[in-house]
Amino acid sequence: MMNGFDDIPFFDEEPTARPAKPDPAPERPQAGAIPSGLAARAMAARQASAPRPTYLDGLNPEQLRAVETLDGPVLVLAGAGTGKTRVLTTRIAHILATGRAFPSQILAVTFTNKAAREMRERITHLAGEAVEGMPWLGTFHSIGVKFLRRHAELVSLRSDFSILDTDDVIRLLKQLIQAEGLDDKRWPARQFAQMIDGWKNKGLDPNQIPEGDARAFGNGKGRELYTAYQNRLIGLNACDFGDLLQHPIRILKNNPDILADYQNRFRYILVDEYQDTNTAQYMWLRLLAQRPKGKNPSPTHPHKGAGLDAPSTATGRNTRLADDDFPGSDPQVSSLPLVGRVGEGSSSHVNICCVGDDDQAIYGWRGADIDNILRFEKDFPGATVIRLECNYRSTAHILGASGHLIAHNEGRLGKTLFTERADPDDEKVQVHASWDSEEEARGIGEEIEQLQRQKHPLNNMAILVRASFQMREFEDRFVTLGLNYRVIGGPRFYERQEIRDAMAYFRLVCQPADDLAFERIINTPKRGLGDTTVRHLHDYARARDIPMLAAAGDMVETEELKPKARKSLYDVVVNFKRWSQLLESTPHTELAEQILEESGYTDMWKADKSAEAPGRLDNLKELIRSMEQFESMRGFLEHVSLVMDAEQNENMDAVSIMTLHSAKGLEFDTVFLPGWEEGLFPHQRALDEGGRNGLEEERRLAYVGLTRAKKRLHIWFVSNRRIHGLWQSTIPSRFLDELPEDHVEVAEVEQSYGGYGRNQYGQSRFDKQEPFSSGYSSPGWQRAQANKTDATRNNWGNRSGHQVERIGYGEAGPTGRVIQGELVAKSKVDTPSAFSVGDRVFHIKFGNGNIAGIEGNKLTIDFDRAGQKRVLDGFVEKV
């Protein structure tokens with residue numbers, strides 16, 4: 001299948017251009033143009049004798065090299081805590097201070113408004129007011145808006161176009177789906193909005209999406225609906241967030257003169273967090289960064305977007321440097337603008353600098369493509385790669401543990417972090433085992449209290465979880481202990497929409513006079529009871545001074561409401577009456593499940609195809625589980641009221657609780673990482689959907705968690721965890737076996753709860769257990785003892801379920817998970833697949849399709865109706 005950017009000319013290709021115009025007559029040098037020739041040499045000599053700028057003080061050799069390497073493409077591989085933001089901002093300040101470019105000739109892009117503000121503030125501190133003239137510093141989307149306002153007519157928009165938010169997009173798509181005669185419940189608009197966003201992240205127009213994807217929605221009408229959606233946006237003079245990059249890409253590809261203007265405008269391009277770019281962002285940057293062979297674009301005044309320097313009629317050069325700086329270069333190439341600074345030969349280079357860390361690429365699930373950073377040297381031949389490996393954040397033990405873990409990934413460029421501040425008294429990484437999640441929360445709470453007694457601020461501690469449902473246990477425990485906490489990157493557990501909705505049902509069952517709860521759930525899920533019905537109920541209740549639920553009971557006996565609304569309201573009244581009667585006779589956890597099922601609330605989220613829906617269902621199951629420790633539903637509601645009343649003050653000293661994805665870019669003195677069990681971390685969904693790539697992204701996520709810690713790092717796993725409402729025995733995460741013994745130690749527990757004392761989980765691999773040392777004396781066991789060798793002794797306890805062919809330390813991992821000699825799990829197969837790319841196959845659930853890729857025993861198949869899926873080869877057969 002052809003990629004969406006295969007037709008982009010790059011370096012050695014010249015874009016199809018309009019007929020060339022005659023060269024303009026030589027112009028007089030304009031005010032503000034920077035001298036060339038002898039004047040340039042004199043200025044360079046003056047700068048050479050100038051004192052070293054103070055903004056370069058304190059940079060280590062690698063950072064200094066990254067700042068001062070201004071010519072040609074540069075990739076800065078910046079490990080966690082190595083000062084990448086300082087390098088990026090100092091580099092911009094250095095470009096401005098040395099006169100290499102005007103502020104308006106620098107394109108600097110990042111991902112978040114917060115990061116853009118921080119970058120602007122730092123540059124202001126280093127370079128003064130010059131940053132005020134940098135209109136092209138911002139996020140991908142903010143720069144896309146600026147570009148599109150200037151060229152909107154080229155995509156049939158006006159410059160005053162609107163930008164639709166998610167709700168507007170879903171409402172518009174719902175109208176289009178209904179107009180096609182499709183059932184919008186069978187084909188939810190939210191699901192299609194996510195599909196369109198995914199296509200736009202890949203830079204795909206309606207005519208470019210794969211046939212399998214196009215047929216996967218709306219009875220095969222995905223392409224038609226996408227086309228109708230784009231046409232409707234043009235009619236509304238609007239665009240969505242995906243269009244803020246999609247439209248500029250189309251404009252640049254279809255208008256070579258505009259592309260050339262922006263190529264000349266930007267002397268320097270700088271990109272932050274390059275490992276998080278998606279395909280569309282990559283295409284946009286690649287278009288701006290390409291330098292075709294051929295005639296040099298006509299020079300223009302710097303402020304109009306061309307080169308910084310006026311052309312030199314004496315030398316034919318367009319650069320501030322002397323002729324002999326480029327010995328042997330031909331006149332045509334050497335006349336390119338400074339942004340195309342040339343080495344020897346006839347090919348030109350762009351001054352693009354991408355800063356990123358391939359080991360922290362954790363957003364593949366939202367379209368980021370790690371291959372963008374991995375193929376940088378291929379995209380930009382002759383690129384300079386600078387590795388920032390001196391870490392200023394973490395201890396040597398934390399760096400050693402995280403480095404050994406991430407070395408198990410194959411898809412990485414490779415670097416080894418180190419610190420110059422090693423202290424022999426630094427704590428090793430601590431690994432803790434608990435019986436269940438409740439004991440895990442209790443143990444972490446005790447560790448935090450102990451640190452607090454030693455005067456360690458709570459603000460410098462964080463708990464990083466893999467899934468949001470894990471937070472509830474810690475929130476409840478901290479309320480019991482009286483520990484302040486804050487949830488970062490999302491609402492607290494009991495503040496989430498689905499939890500508030502469920503609690504409203506429970507409150508109304510326990511207290512029928514709770515009108516606020518009634519108003520919240522009367523039309524959730526949708527029952528056809530809109531604002532008009534609620535207003536009638538409210539007026540009726542106030543006039544008679546009765547609760548709204550009682551008013552509903554009265555009104556269903558009258559003709560005041562329309563038949564459909566009266567029938568729906570009658571069902572609500574009957575349900576709440578029945579649930580209230582069951583309150584004293586039915587276990588409250590069973591009743592809670594019954595309420596959510598019979599009300600249709602659980603089914604509402606099951607039918608929701610959004611990415612958040614599975615997490616919301618997990619949270620509802622966690623809510624039911626959390627009720628078990630209370631005697632009644634009323635007691636539980638009282639407890640939650642106390643939790644919700646906990647003060648939330650951003651300035652208070654509090655423990656931070658967040659997901660690992662939300663923690664990227666943050667750092668804490670002490671970090672707790674609970675839930676390191678197979679299926680939870682690495683997450684089973686990531687393994688099922690992504691195969692080896694999914695596993696490697698999970699490992700990168702673990703690396704991000706480890707490198708958030710500055711001084712102390714605690715990892716927890718449990719033997720039993722309740723998942724999807726059921727207690728399950730868990731297996732410690734394979735990532736634990738990938739931690740090095742030199743930097744990790746098992747936390748000793750003096751006593752535990754429920755009769756489980758120390759070593760209750762068996763010996764750790766760090767304890768060098770003697771193989772076959774059990775007193776078990778069956779014949780098979782005796783044979784194993786008789787046959788034990790040095791090999792079994794050395795390899796005993798190695799439980800990693802992932803075959804590691806190369807981990808960077810000259811070691812090879814085991815081939816599968818083995819328990820007492822029986823192979824029970826293996827992520828790769830040794831025999832070649834019986835299938836080939838292009839084979840036509842049949843799957844009992846997804847139907848017919850063509851094999852697009854093979855990875856061991858995992859097949860990537862483009863199904864005719866279900867789109868692209870990854871399945872095991874044992875579940876398909878050739879057609």
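Here are some questions and answers about a predicted model.

Me: Which residues touch the most other members of the largest nonpolar core?
Reply: Happy to start there! The largest nonpolar core holds 51 residues. Those touching the most other members are Phe506, Phe576, Leu623 and Met633.

Me: Leaving aside its neighbours within four places in sequence, which residues is Leu623 in contact with?
Reply: Leu623 is among the residues that touch the most other members of the largest core. Once neighbours within four places in sequence are left aside, its contacts are Phe493, Tyr494, Ile499, Ala502, Met503, Phe506 and Phe636.

Me: Which residues does UniProt list for "binding site"?
Reply: The record here is an unreviewed UniProt entry. Under "binding site" that entry lists Ala78, Gly79, Ala80, Gly81, Thr82, Gly83, Lys84 and Thr85.

Me: Is Ala78 buried or exposed?
Reply: Ala78 lies in strand β1, residues 74-78. Buried means under 20% relative accessible area. Ala78 has 1% relative accessibility, so Ala78 counts as buried.

Me: Is Gly83 buried, partly exposed or exposed?
Reply: Gly83, also listed by UniProt for "binding site", lies in the loop between β1 and α3 (84-97). The range for partly exposed runs between the buried cut-off of under 20% and the exposed cut-off of over 50%. Because its relative accessibility is 27%, Gly83 counts as partly exposed.

Me: Why is β1 largely enclosed by the rest of the structure?
Reply: Let's look at both faces of this strand. On one side Val74, Val76 and Ala78 are buried, and on the other Leu75 and Leu77 are buried. β1 is largely enclosed because its buried residues number 5 of the 5.

Me: Which residue in β8 stands opposite Val74?
Reply: β1 pairs in the parallel sense with β7 (residues 352-356) over 4 bridges, and Val74 stands opposite Cys353 in β7. β1 also pairs in the parallel sense with β8 (residues 384-388), over 5 bridges. In β8, the residue opposite Val74 is Thr384.

Definitions and conventions
Residues are numbered from 1 along each chain as its sequence is written. This is a predicted model: local features need pLDDT of at least 70, side-chain atom pairs count only at pLDDT 80 or more; totals for chains, interfaces and linings use all residues. Side-chain values use heavy atoms; hydrogens and water are left out. A nonpolar core is a set of buried Ala, Val, Leu, Ile, Met, Phe, Trp, Tyr and Cys residues joined through side-chain atoms within 4.5 Å. Buried means under 20% relative accessible area, exposed over 50%, partly exposed in between (1.4 Å probe, protein chains only). Contact means heavy atoms within 4.5 Å. UniProt positions are given in the numbering used here, feature names are shortened, and annotations may be inferred rather than shown by experiment. Helices (H or I, at least four residues) and strands (E, at least two) are DSSP runs, numbered from the N terminus. Two strands pair if DSSP finds at least two bridges between them.
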